[in-house]
Structure formats: structure tokens, C-alpha cells
Amino acid sequence: MSSEKNSKSISVTLRVWRQAGPNKPGQFVEYPAHNLSPNMSFLEMLDVVNDELTVKGQEPIAFAHDCREGICGTCSLVINGEPHGPHEGVASCQTYIRSFADGEVVTIEPFRAAPFPVIKDLVTDRSAFDKIQQAGGFITARAGSAPDANATSISKVDADLAMDAAQCIGCGACVAACKNASAMLFVAAKVSHLGILPQGQAERDKRVLAMVNTMDDLGFGGCTNQYECSAACPKLISHDFISRLNGDYIAASFRSMFKQAPAQTDGGAG
Amino acid sequence: MNPLGHLFCSTIGRKVIMAVTGIVLIGFVIGHLVGNLQVFEEPDRINGYAQFLHTLGPVLWVMRITLLVCAGLHIWAATVLTIEDRKARGAVDYRTKTWIQATLSSRYMRWTGYVVLAFVIYHLAQFTLGSVQSASYKENLPEYTMNADYHVMGIPVVHAGTHVHDVRSMVILGFSQPIVAFFYIFAVGLLSLHLLHGAQSLFQTLGLRNSSWGKALRAIVTLACLAYFLGNLAIPGAVLTGHLKLNPASASSTP
Ligand code: HEM
Ligand code: FES
């Protein structure tokens with residue numbers, strides 16, 4: 001997009017969720033944002049508004065951000081009802097002012113889900129995702145010198161599929177978009193990206209059972225196969241991975257029924 | 001957790017229960033429709049068929065109990081999941097509520113499901129128990145005498161001359177009341193809508209759907225739901241438009 005074409009500045013009204021702290025009541029407050037360059041990012045626009053608030057001695061709007069280039073998963077705004085705003089496959093930080101009309105009222109809300117409590121304004125606590133990861137989102141591997149390249153052969157299709165799943169930046173937009181606040185797309189991506197690769201086989205069943213269990217315990221809802229999650233995902237992770245997660249979970253539950261348990265589980269080499 | 005715990009306590013397990021019971025219920029509603037469409041043939045057909053089902057005795061009861069258990073589990077899982085899903089959203093909901101790509105049928109699964117449940121209760125009261133519209137209930141109608149044998153897979157199961165319930169007249173008299181016919185059409189319409197999402201969703205739940213054949217699945221399910229709706233529309237539709245009439249013998253003796 002040429003900058004010439006988008007050089008006309010625009011003004012919008014922001015309608016922002018303000019909440020002083022966890023468990024405090026919150027409300028929407030309107031702020032004018034004038035003379036914005038269309039090529040400004042949405043977060044830069046918030047920076048400008050916050051500067052003005054600070055100068056006026058008011059509390060700036062708290063919002064989460066880090067890389068601002070769509071790779072870290074920290075930014076987390078629901079803009080006009082859509083997590084990460086109007087564009088497909090784009091995080092909040094990569095959303096630009098040119099996507100909004102002059103004079104528009106833009107509603108900004110935090111991600112809403114019981115397991116993602118609001119910390120302040122638009123910032124939510126998404127450490128529930130870390131707990132799911134800790135339950136099984138890893139492999140056990142020998143540390144030390146790197147293994148020979150290509151020592152383990154992996155088909156191109158599997159490598160590509162695993163990479164599709166590994167795109168997940170853990171932002172939580174899937175949960176925010178889902179009417180049930182389900183974390184299935186996130187869990188599906190994490191379970192699949194390890195489960196498709198040979199390195200992930202040793203802990204495959206244990207992983208899927210533990211991660212789904214933790215997801216349920218943390219209070220995320222169930223999947224109703226409406227695919228709002230994949231539509232909101234800034235990395236466009238496919239809901240095909242949810243189908244794969246379901247299949248993996250069913251198979252692992254079934255296998256766990258007939259699995260022989262070792263006589264003793266303590267001791268050994270670690 | 002033991003495997004039964006996985007099935008009944010996890011979100012995925014409960015969805016699996018819904019999918020499997022959904023498959024049984026789909027099998028039933030299709031079989032039920034195919035059986036009912038015999039109403040368009042000579043009266044021997046549907047009346048012989050109804051008599052045949054009753055001669056099954058214990059087998060009929062096994063089928064009835066299986067269906068009741070499946071319906072019960074399906075509704076239990078739907079209700080428990082719905083309550084949990086609402087709770088997961090949290091105390092404060094979005095101010096701007098939007099849908100990005102969820103289909104219409106998927107958004108109304110709870111509505112279509114519970115209205116179908118209400119309909120099924122009325123339907124059983126009308127045609128199975130006779131507690132509503134009892135004047136036209138099969139046990140209160142003159143019996144029908146079979147003109148010829150009724151065959152199932154080439155075996156004669158109901159013989160000519162047998163006195164059987166006049167199910168055909170019961171159905172036609174029942175649907176002659178427009179309000180009953182319209183409620184039926186409305187309910188099967190909602191059931192078709194329920195299945196438009198449900199019959200695709202179950203493949204996803206069982207881990208069998210992916211985008212390599214997801215479009216084909218959607219097309220097949222859409223056509224099947226349309227055919228199912230039209231097939232069900234045909235019976236009350238034909239009664240209301242006068243294409244399906246009482247057989248002269250029973251018409252003269254109707255109460
Ligand atoms: C003849 C009757 C019925 C049939 C054939 C049927 C079939 C199905 C099927 C196949 C599914 C998909 C399961 C899945 O997502 O894996 C489903 C889902 C569902 N059904 Fe039914 N159902 C019937 C009656 C009912 C009733 C009476 C209710 C009322 C509670 C109900 C409520 C639901 C709900 C809430 C869903 C979940 C939708 C979702 O999670 O996306 N259904 N049904
Ligand atoms: S701030 Fe890192 S992805 Fe948006």
C-alpha cells in the first residue's frame with residue numbers, strides 16, 4: 001500500500017474497557033483519538049492516546065505488548081468484537097489505523113474468559129496456558145552435543161504439518177473468540193506439533209491426556225466445532241488440528257485401558 | 001483417571017458421548033422415516049409394518065431402551081457441557097458480540113435440540129401412548145384387516161386376514177388438524193437444522209474430519225438433511241393438501 005494513498009489523517013473515538021485491578025468493577029470510557037496517520041499501528045495509536053492522558057495527569061490505558069511484529073503473542077485486544085481486530089491472520093500489533101474509517105467508534109475490550117482474569121484494563125493473566133504447557137507440552141531429549149543433522153528422518157508432509165501447528169504463538173485469541181472460551185485450538189496445536197514428529201512419540205499418550213486434563217481443570221469450555229478460533233487465529237492455525245487432538249485423545253484413553261503398569265516406578269536413571 | 005472417567009468427565013469425552021449417541025439417533029430417525037413413508041402405499045404396508053414391530057416383543061423393548069438411554073445421554077452431555085461453557089466465558093461478556101464464521105445451524109444447537117425434545121415428548125404422547133388426541137389413537141379406532149401378507153426381506157411376517165391397529169388412519173386423522181401438522185413440520189425442520197451441524201460435527205469430534213474432505217462432507221450432509229426434511233414434510237403435507245386420504249373402509253367408521 002502506498003503511503004501517498006493513505007496520507008490523509010483520520011480521527012476515531014475509542015471506547016475502552018477500564019478496570020483498575022483484578023476483581024475490581026470495570027466500565028467503558030470514551031477517548032477521542034485525533035489526527036492519526038493511517039499508517040500508524042493500532043498500538044502506536046494507543047501510545048499516542050496514552051501520552052496525552054499522561055500529560056493530562058490521567059492513568060494511561062494498560063495494554064499488553066512486546067515484539068510488535070506478530071511473533072510473541074503478547075498483544076491481546078478485542079477490537080470491535082473480534083480478537084486481534086478485523087483482519088484475518090494478523091495480531092493486534094500488526095493491525096493498522098488504515099483499517100478504520102474516519103469518525104468510527106472503535107470498541108476495545110480485553111480477552112474474555114474465566115481462566116484469563118483481567119489484571120488491569122486490557123491486560124489479562126494468560127498463565128493458564130503456561131500451566132497447560134507444563135502439563136505435557138515438551139519432549140524429553142538428551143541435552144549435550146547436537147545430534148547429527150537428519151539423523152532422524154521425517155517426511156516432508158509431517159515436517160510441514162508439525163510446522164503449521166508450531167506457528168502457534170500462544171496469544172489466546174482462540175479462547176477469546178470461542179463462545180465457550182475453549183482452549184482446544186491452542187492445546188491441539190501444542191499436542192500436534194510434538195505428536196506428529198518422531199521425537200514426540202515417547203510421551204505422546206501421556207502428553208495428550210495430561211494437557212486435556214489440565215485444560216479442563218483450569219475451567220476452559222468445550223469445543224462446539226464452530227471454528228471461531230481458527231478464524232481469529234493470527235497464525236491461521238487450522239481447526240483440523242482439533243480433529244487430530246480429538247482422535248489422539250480417544251486413542252490414548254483407549255490404549256491407557258490396556259496398558260501394563262510397571263511393578264515399580266521409582267529409581268532408575270533419572 | 002480411568003477410561004470411564006475420560007469418557008464422562010472430560011470435555012472431549014462428553015462430546016464423544018454426544019457424537020456416538022447422535023449416530024444412533026440419526027440411524028433411528030432415518031429408519032423411522034423410511035418406515036413411515038410406507039403410508040403412501042396401500043394400507044396393508046404401514047399397518048403390517050406397525051404390527052410387525054409389535055410382534056418383535058422383547059427386541060422392540062431392547063430397541064426402545066437403547067434409544068431412551070442414547071437420548072438421555074445425549075441430552076445430559078449437551079446440558080452439562082452447555083452449563084460449563086457458559087461458566088468458562090466468565091462473569092463479564094463482550095460488549096460487541098460478533099460471529100466470525102460459525103454457521104447458523106451451529107449457533108442454535110441448544111434451541112433446536114430442546115425444541116426437538118419437546119416435540120418428541122408430544123409425538124410419543126400422540127402416537128405411542130395415546131394420551132393426547134385420544135379419539136384418533138390407534139387403540140380407539142376400528143381394527144384393520146390385512147388383505148395380503150406383509151413381508152420383511154421376503155419372509156411373510158404378518159398374514160392376510162390378521163386384525164391389526166389402523167395406524168394409517170391414526171396418522172391421517174392426527175395430521176388433519178393443521179396445528180398438529182404444522183408443529184410436526186416445524187419440529188422436523190428444526191431437527192434437520194440440528195443435523196446440518198450435528199452430522200458434520202460428529203466427524204470432527206471423533207477425529208475423522210479434516211479439510212481434505214470437509215467440503216465433500218458438508219455437501220453430503222446438506223443434501224441428506226434437505227432430503228430428510230422433504231421426506232418428513234411429505235406426510236403431513238400430503239394430508240393437509242388432501243393427497244393422502246383415509247381408506248374408504250375406515251373412513252365410513254371413523255368416530
Ligand atoms: C433425534 C434427535 C437427535 C439427533 C439425531 C441428534 C444428533 C446430534 C448429533 C449427531 C450431534 C453432533 C455431536 C458432535 O458434535 O459430535 C448433536 C449435537 C448436539 N445435540 Fe443433538 N440430536 C438429537 C436431539 C437432541 C436433543 C433433544 C437435544 C437437547 C438437549 C440435543 C442437543 C444437542 C446439542 C446441544 C449438541 C451439541 C452441539 C455442539 O456441541 O456443537 N440434541 N446432536
Ligand atoms: S506484540 Fe508480539 S505478537 Fe503482537
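How many nonpolar, polar and charged residues does the shell around ligand 1 have?

## The shell around ligand 1

In this predicted model, the shell around ligand 1 has 13 nonpolar residues, nine polar residues and one charged residue. Of the 23 residues around the ligand, those that come nearest are B:Lys15, B:His74, B:His194, B:Ser201 and B:Thr205. Residues from both chain A and chain B surround ligand 1, so the site is shared between chains.

Within chain B, four helices each supply at least two residues of this shell, namely helix H2 (11-36), helix H4 (58-89), helix H6 (109-129) and helix H8 (178-205). Of the elements that take part, H8(B) gives the most to the shell around ligand 1, with eight residues.

## The iron atom and its two histidines

The iron atom of ligand 1 is coordinated by two side chains of chain B, through the NE2 atom of B:His74 and the NE2 atom of B:His194, at 2.0 to 2.1 Å. Because B:His74 lies in helix H4 of chain B while B:His194 lies in helix H8 of chain B, the pair ties together parts that are 120 residues apart in sequence. Both histidines, B:His74 and B:His194, are buried.

For comparison, the ideal angles for six octahedral donors at a metal are 90 or 180 degrees.

## Polar atoms close to the ligand

On the side of chain B, a polar side-chain atom of B:Ser201 lies 2.4 Å from an oxygen atom of the ligand, and an N or O atom in the side chain of B:His74 is 2.8 Å from a nitrogen atom of ligand 1.

## Two loop residues of chain A

A:Asn150, which is not a glycine, has a positive phi of about 60 degrees, and its place is in the loop between helix H2 (127-136) and helix H3 (156-166) of chain A. With a relative accessible area of 74%, A:Asn150 is exposed.

A:Leu236 is also a residue other than glycine with a positive phi, here near 50 degrees, and this leucine is found in the loop between helix H7 (228-232) and helix H8 (240-258) of chain A. At 45% relative accessibility, A:Leu236 counts as partly exposed.

Key:
Residues are numbered from 1 along each chain as its sequence is written. Chains are lettered from A and ligands numbered from 1 in the order in which they are written. This is a predicted model: local features need pLDDT of at least 70, side-chain atom pairs count only at pLDDT 80 or more; totals for chains, interfaces and linings use all residues. Side-chain values use heavy atoms; hydrogens and water are left out. A residue is near a molecule or strand if one of its heavy atoms lies within 4 Å of it. A polar contact is a pair of N or O atoms within 3.5 Å; within protein, one must be able to donate a hydrogen and the other to accept it, and residues adjacent in sequence count only if both atoms are side-chain atoms. Ala, Val, Leu, Ile, Met, Phe, Trp, Tyr, Cys and Pro count as nonpolar, Asp, Glu, Lys and Arg as charged, and the others, Gly among them, as polar. Donors are N, O and S atoms within 2.8 Å of the metal (3.2 Å for Na, K and Ca); water is not among the atoms, so sites may look incomplete. Buried means under 20% relative accessible area, exposed over 50%, partly exposed in between (1.4 Å probe, protein chains only).
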